[in-house]
Amino acid sequence: MRYLPLAEADRQEMLRTIGAPSVEALFTDVPEAARLDGAIHGLPSHASEMAVERALSAMARRNLSAGEAPFFLGCGAYKHHIPASVDHLIQRGEFLTSYTPYQPEIAQGTLQALFEFQTQVARLYGCDVANASMYDGSTACWEAIGMARRITRRGKAVLSSGLHPHYVSVAKTMARFTGDRLVTALPELGPEPDTAALIEQIDAETSCAVVQYPDILGRIGDLSELAERCHAAGALLVAVVTEPVALGLIRAPGEMGADIVVGEGQSIGVGLNFGGPYVGLFATRDKYVRQMPGRLAGETVDAEGKRGFVLTLSTREQHIRREKATSNICTNSGLCALAFTIHMTLLGEKGLRRLAEVNHARACAAADRLARVAGVELVNDVFFNEFTLRLPREARPAVRAMAEKGVLGGVSLGRLYPGAEGLENGLVVAVTETSTNEDVEALAAALEEALA
Amino acid sequence: MSMNREGRPTRPESGHEAETGTWTGNRALMLEEALIFEMDEADGCGVDFEILPGTGRGTARSAVEGAQHLARPPLHQAPPGPPPRPGEDRLGGLLRNRPIGLPGLSEPQTVRHYTRLSRQNYAIDLGLFPLGSCTMKHNPRLCEKMARLPGFADIHPLQPADTVQGALELIAKLGEWLVTLTGMHSVAMSPKAGAHGELCGLLAIRAALEARGDAREVVLVPESAHGTNPATAAFVGYRVENIPANDRGRVDLDALKGRLGPDVAAVMITNPNTCGLFEPDMIAISEAVHAAGGLVYCDGANFNAIVGRVRPGDLGIDAMHINLHKTFSTPHGGGGPGSGPVVFSQALTPFAPLPFVEKQGDHYVLVEEETAGEHHGQSFGRMTAFHGQMGMFTRALAYILSHGADGLRQVSGDAVLNANYILRSLDGVLDAPFGASGPCMHEALFSDKGFAEGLTTLDLAKALIDEGYHPMTMYFPLVVHGAMLVEPTETESKATLDQFIGALRSVAERAKAGDQSLKAAPVYAPRRRLDETQAARRPVLVYQEPKQAEAAE
């Protein structure tokens, strides 16, 4: 077998050294009744590279990939162009096949990249510090809610109706066991984010308000007043960003007073991957750093006084604190964080700004074009690269009908909020630098046909 | 006679001591690398955007052309090259008004920066990486190639199910393998890593207990467990109590039985355990826990030792996570991403999380909140956005299909053989606290017993770095003094093991002989020992531009 270097002669020689008659004899601690005496029945045997490639390629061909179709899906995962050098660099074996940097003397590559990543994320979010990544945006979001509980010692979290429904779902699952009380609501198909309604819910019991920016319908609103109201009530503002490219053009949540900013980093450097792996971003103020979950890379010096980096503040973490840790997270999204930081370095300030401008420009043009389709109405006139259309009929079957014509035309609110009254006609459309004019025309035509 | 022969062949010259340092700080192939924030020309860009003819500006050409038909002129009727000004965009007055502070590099600078950084890392591709309980095995490149097929890598999680039948099939197929290999009843694919899988298992356990109206409050965890076990149990709201080990490094069955009662919700057992030993009483443990009304969680981090040899389902386990990034060789990537599917017994299956893939006829469907009510109404809910680590599923299935049932059995056999070979080859050199109790599983555990005064496990580990190895897991498990946990995995050859054994013997003998030079190790790594105390005392977690020096006068 191509991944197993031992030859039969090696095995026999090693068994002699060990003093065991056979490999099977090394498993004597396994209760005999449960011990298997051969390969598990009914499963196939080993296969060549060629055979495996053939089998998996056949499965891959049964999917319609984003690159093959006019493509307009967003809602927490976005299609952006990733420079070829990103994937090349993350496949260097020294990155790909290394472990969490527990031995810093021989892991400076990973550690320095993480330190740079943390700095980029903190600056992008307008925060003091960021950690070395979480699993994804949704888990980063509930970790932020837990962190706000620890800081404020309060248990009521007010979630915006514009927060991604999967993120709300994850928070609800966790709250059932942690005792947090969540105030949630379904979004309304209107032009404005629900900031005013959120403010009304904040009281002396509130640990945090959680608001997505831009929100699930693509709407954006100033967070400053919400932050002030939170702080006046002794609560924290948690801002969630699922489309980091937006921050190339719009103000950072930290700048507007958010105390914890979390989000999904997939847009930068990480492909769609059918939902994972992605990379959770997590940033906050200096004063809360010891309540943060996750790993942190920090600067220090070595025995010769040379600058170097280590994992630090690990007394927050499970391998030291066990049941008193701030989180149970161990493995995070290291390689996706590396992809993020490389792509961000290629973009830089100018490139991110330009990328965001192109996204916004294309989205503006697409919104206007689609609003000219008979019966279709643009719900929100303020957006970054994603907006919501109100169709004259249910959007979910329209999306399926468009898919049959080879157009991936957006995410229906019926998919995200099954059965929710008043939302079934909503279609969320994301337009990035990858969408061409022809794609927009194809979407308009497919939409017309689906609504006819 | 050729020109080449008349050249100036280099040869070692005597009488010149080299330790003078260099002007750059580089040492030949060992290259120092600044932070991106410190580079002189870090206001560049390594990405080109579409060019608008006539303006020389990179911008969204088609969007501009499209916009010209519009009744209402948006900002793009004019070339959108210059940044939009407030009022010309649709950003609701939220246009960013100050720089972010992100350095940008051209592609060649970027490639060089990260290539240089990569060379300061140790990795499996460079050599043996015997980090115990981490299963650092070779990562087949076929798996990387498969994960990058556009049909898997370039599909959106919310696409209509009809357009992703192959992806759903792949998830279902991998799930079938995991269920069959473990002899369990069902599998939850969405957990993002091992600790997330533990959370999944304990949430299902708590949901099951609550469903039968039997709230319990304690989870028992062996002292030798990974830190994630108690952290997870505490997160789910349980009080954590330790289970003691016996002198053979296994769970003390009598002590466990003595503690079981109506307040114990579950026990979390790692099997094989973190001492590298199989729990021979596992069936008895499960029976006792079940008899007391509790459930059995198994930490499957060490499944690599037993895959194809024994099925956890035959040992009475109710839930177990599987680290695809360990047993099924998806790369660790310097700390993730991982993937932690959880297999469940029949008792826990109704409580498994959403979403999951189900085959209905010849069609694969994704069961989500919407459809769960019909036949999965007791689910504890959703753990993450979307459906799990697809990129890891693809790699894991490629790995599993490559090995097949026969190959996977060979995997565990060779992994255990390699660990025992190391264990027995160091007889009389390093103390193996449980060596007398029989063969180990996939990892060999040693202690620092016999080291000379002042020399520690840490010193030995750092000396191994100089010998060209990543050290083993140190000071874990906590039940052994100065623990050294060595997991070679099955992808190492005998020659590699022999060299490693030689190196380990050499440094162990130095430690026993009191060779104080070990304290200076590593000497040959890109950095000497780093000051972790200073890093924690005065945390510097992001780069800060140095304050401009005041003028001299």
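Predicted model: local features only at pLDDT ≥ 70, side-chain atom pairs only at ≥ 80, totals over all residues.
Local features are given only where pLDDT is at least 70 and side-chain atom pairs only at pLDDT 80 or more, while totals for chains, interfaces and linings use all residues. Residues are numbered from 1 along each chain as its sequence is written, and chains are lettered from A and ligands numbered from 1 in the order in which they are written.

## The chains

Chain A contains 14 helices and 13 strands. Chain B has 14 helices and 14 strands. Helices (H or I, at least four residues) and strands (E, at least two) are DSSP runs, numbered from the N terminus.

The C-alpha trace of chain A spans about 80 × 50 × 50 Å along its principal axes.

Of the 452 residues in chain A, 64% are buried; of the 553 residues in chain B, 56% are buried. A residue is buried if 20 or more other C-beta atoms lie within 10 Å of its own, exposed if 12 or fewer, and partly exposed in between, with C-beta atoms placed from the backbone.

Contacts can also be sorted by how far apart the partners are in sequence. Counting contacts with a separation of 6 or more, residues 24 or more positions apart account for 74% in chain A and 71% in chain B. Two residues are in contact if their C-beta atoms, placed from the backbone, lie within 7 Å.

## Contact between the chains

The contact takes 172 residues from chain A and 183 residues from chain B. On the side of chain A that touches chain B, the largest share, 25 residues, comes from helix 11 (residues 334-371) of chain A. By class, that side of chain A has 83 nonpolar, 54 polar and 35 charged residues. Ala, Val, Leu, Ile, Met, Phe, Trp, Tyr, Cys and Pro count as nonpolar, Asp, Glu, Lys and Arg as charged, and the others, Gly among them, as polar.

## Two helix pairs

Two packed helices are described by the angle between their axes and the distance between the axes. Axes are lines fitted to C-alpha atoms, for helices over the stretch in contact, and angles run from 0 to 180 degrees between N-to-C directions.

Helix 11 of chain A packs against helix 2 (residues 107-118) of chain B at an angle of about 150 degrees, with axes 9 Å apart. Helix 11 of chain A and helix 2 of chain B are therefore roughly antiparallel. Angles under 35 degrees count as roughly parallel, over 145 as roughly antiparallel, 65 to 115 as roughly perpendicular and the rest as oblique. Here Ile342(A), Thr345(A) and Leu346(A) of helix 11 of chain A meet Glu107(B), Thr110(B) and Tyr114(B) of helix 2 of chain B. This contact of helix 11 of chain A with helix 2 of chain B has three nonpolar, two polar and one charged residues.

Within chain A, helix 12 (residues 395-404) and helix 14 (residues 437-451) pack at about 120 degrees, with their axes 9 Å apart. That makes helix 12 of chain A oblique to helix 14 of chain A. Ala398(A), Ala401(A) and Met402(A) of helix 12 touch Ala446(A), Leu447(A), Ala450(A) and Leu451(A) of helix 14. The residues of this contact between helix 12 and helix 14 of chain A are seven nonpolar, no polar and no charged.

## Backbone details

Most residues other than glycine have a negative phi, and most peptide bonds are trans. The table lists departures from this.

| Site | Feature | Value |
|---|---|---|
| Gly276(A) to Pro277(A) | cis peptide bond | omega about 0 degrees |
| Asn271(B) to Pro272(B) | cis peptide bond | omega near -5 degrees |
| Leu313(A) | positive phi, not a glycine | phi about 50 degrees |
| Ala28(B) | positive phi, not a glycine | phi about 50 degrees |

Pro277(A) lies in the loop between strand 6 (260-264) and strand 7 (280-284) of chain A. Pro272(B) is in the loop between strand 6 (264-270) and helix 9 (282-291) of chain B.

Leu313(A) sits in the loop between strand 9 (307-311) and helix 10 (318-321) of chain A and is partly exposed, with 19 other C-beta atoms within 10 Å. Ala28(B) belongs to the segment before strand 1 (51-52) of chain B and counts as exposed, with 6 C-beta neighbours inside 10 Å.
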